[in-house]
Amino acid sequence: MSNVKVLNQGEKFSHASVGSIQHFNGKEFVKDATGATSCEISFGTLPSGSSVPFFHSHKENEENYIILSGSGRFQVDDDVFDIAEGSVVRVATNCDRNIKCTSSEAMTYICIQAKESSLGGYTMDDAAITERENLL
Ligand code: ZN
């Protein structure tokens, strides 16, 4: 049972939420709620002292882990390094990865999975400033 809630949708957007990050627990994937076509985003938590119960790899998708709270260790194949709130870790295809929380508080993170080498133009190469009345 997913705790991801679709809050509102329009023709060109979908707005979903997992709720308070501070109180988030478990693992949630949001692609189905938002209808994303370019990446899968998941939220995850690890209790103090725990790691994901398995290593895994991806054939075509890279993963980008963003640590929101807590600290711990990250392993990619046989490389191990420390991570903490604010860390961003990109992991390529065809390698094993795992994450462990070593802080007394739980670790909360976001993982963004997208097809490796699929990013073409980005930021201002892909963007255009547009004329729109500000309704905010
Ligand atoms: Zn993965």
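Which element gives the most to the lining of the largest pocket? The close-ups below, drawn from a predicted model, start there.

**View 1. The largest pocket and its lining.** Welcome to a pocket that holds about 300 Å³ of space. Its lining has 21 residues, and K27, V52, F54, H56 and Y109 are the closest to the pocket's centre. Two or more lining residues come from each of β3 (27-29), β4 (39-46), β5 (61-69), β9 (97-101) and β10 (107-115). The answer to the opening question is β4, which gives the most, with six residues. Sorted by class, the lining has 10 nonpolar, seven polar and four charged residues.

**View 2. The salt bridge between R90 and E62.** Here the closest N and O atoms of R90 and E62 are 2.7 Å apart. R90 belongs to strand β8 (residues 88-91) and E62 to strand β5, so this pair ties together parts that are 28 residues apart in sequence. R90 is partly exposed at 44% relative accessible area, whereas E62 is buried at 17%. Look for E116 too: a network of salt bridges links E62, R90 and E116.

**View 3. The salt bridge between R97 and E63.** These two side chains meet with an N to O distance of 2.6 Å. Since R97 sits in strand β9 and E63 in strand β5, the pair ties together parts that are 34 residues apart in sequence. R97 is buried, with 1% relative accessibility, and E63 is buried as well, with 4%.

**View 4. The salt bridge between D82 and R73.** We finish with another N to O contact of 2.6 Å, joining the side chains of D82 and R73. D82 is exposed at 56% relative accessibility, while R73 is partly exposed at 36%. The whole structure has six salt bridges.

Methods:
Residues numbered from 1 in each chain as written. Predicted model: local features only at pLDDT ≥ 70, side-chain atom pairs only at ≥ 80, totals over all residues. Heavy atoms only, no water. 1 Å grid on protein atoms, 1.4 Å probe; cavity = no way out; pocket = protein on both sides within 12 Å on 5 of 7 lines; lining within 4 Å. Points joined across faces, edges and corners; volume = space filled by probe spheres on them. Helix = DSSP H or I, 4+ residues; strand = E, 2+ residues; numbered from the N terminus. Nonpolar A, V, L, I, M, F, W, Y, C, P; charged D, E, K, R; others polar. Salt bridge = Lys/Arg side-chain N within 4 Å of Asp/Glu carboxyl O. Buried < 20%, exposed > 50% of the residue type's maximum accessible area, 1.4 Å probe, protein only.
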